[in-house]
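Hi everyone, thanks for coming.

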Amino acid sequence: AIRGSLMLRTRVIVGAVLAAGAILVIVLGKWVFFAAMLVLALMGLNEFFRMTRSYRPLALAGYIGLAVMLYCAWFRTPTGVLGGVAVLVLTTFVLAALGGVKPGVTSRMAVTVLGGVYLGLGFGHLLLMRRVGVDGGPADLGMGLVLAVVFGTWAGDTFAYFVGRFFGSTPMAPRLSPKKTWEGFAGGALGTVLVVVLVGLY
């Protein structure tokens, strides 16, 4: 019981510190926001490649394509993000071709492009949203959109965890995830709506 209480307290403290940092980065915007998103995206892609290392992804191609996608999202146009995807695919193909035709090369290319697109489009859209209103309209609209997405996602996970922990009794998918409950799911959904509404009012 003591260990569980200590872990819970640690999670709350860490969550509060990360939330404060996220708010600061989102509010500051500009190069601070871009740099933070680029670092987080590269870290995420590195983790994705680590999880799929058995397929031997072409990491360099993924990092280059991801960086170009985020650059275009922040400094260019939404259409430019698609150009970044093209760079990702082309770079992946070139690096794969340089290694010659070997068994598993198609899987290597597929995993590389999947990781780059998955992280690139996700973080790219955060960058695009933060830009909303900068070139015209309410200057804080983009900030509000990003806050709603980030903290709406955080609220879903947090409320689901606490509601499931203290009130959960009906398993959602016992074989896939024994600790997930329908009560936790409902708490997460309601928490997400509540936080997004509060952000919208702000």
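I'll start with the overall layout, then go through some helices, the strands and the pockets.

A quick word on ground rules. This is a predicted model, where local features need pLDDT of at least 70 and side-chain atom pairs count only at pLDDT 80 or more, while totals for chains, interfaces and linings use all residues. Residues are numbered from 1 along each chain as its sequence is written, and side-chain values use heavy atoms, with hydrogens and water left out.

Okay, the layout. The protein has seven helices and two strands; here helices are DSSP runs of H or I with at least four residues, strands are E runs of at least two, and both are numbered from the N terminus. Starting at the N terminus, the order is α-α-α-α-α-α-β-β-α. Along the principal axes, the C-alpha atoms fill a box of roughly 55 × 50 × 25 Å.

Let's look at α5, residues 105–131. How far apart should its ends be? At 1.5 Å a residue, its 27 residues should span 39 Å, and the end C-alpha atoms are 38 Å apart, so that agrees. The expected span is 1.5 Å times one less than the number of residues. After α5 comes G133, which has a positive phi, near 95°.

Then α5 meets α6, residues 141–167, at an angle of about 145° with the axes 6 Å apart. Those axes are lines fitted to C-alpha atoms over the stretch in contact, and the angles run from 0 to 180 degrees between N-to-C directions. On the α5 side the contact uses L126, M129 and R130, and on the α6 side G142, M143, L145, V146 and V149; contact means heavy atoms within 4.5 Å.

Now the strands. β1 (171–173) and β2 (177–181) pair antiparallel over two bridges, and pairing requires DSSP to find at least two bridges. A hairpin of three residues joins them, and A173 has S177 as its bridge partner in β2.

Finally, pockets. A pocket is an open set of points on a 1 Å grid over the protein atoms alone, where a 1.4 Å probe fits, with protein on both sides within 12 Å along at least five of seven lines; lining residues have an atom within 4 Å of a point. Grid points are joined across faces, edges and corners, and the volume is the space filled by probe spheres set on the points.

The largest pocket has a volume of about 690 Å³. Its lining has 28 residues, with G15, L18, A19, V150 and W154 nearest the centre. Which helix gives the largest share of that lining? That's α1, with 12 residues.

The second largest pocket comes in at about 300 Å³. Here α6 gives the most, five residues, and the residues lining this pocket include D157, Y161 and R165.

That's the tour, so over to you.
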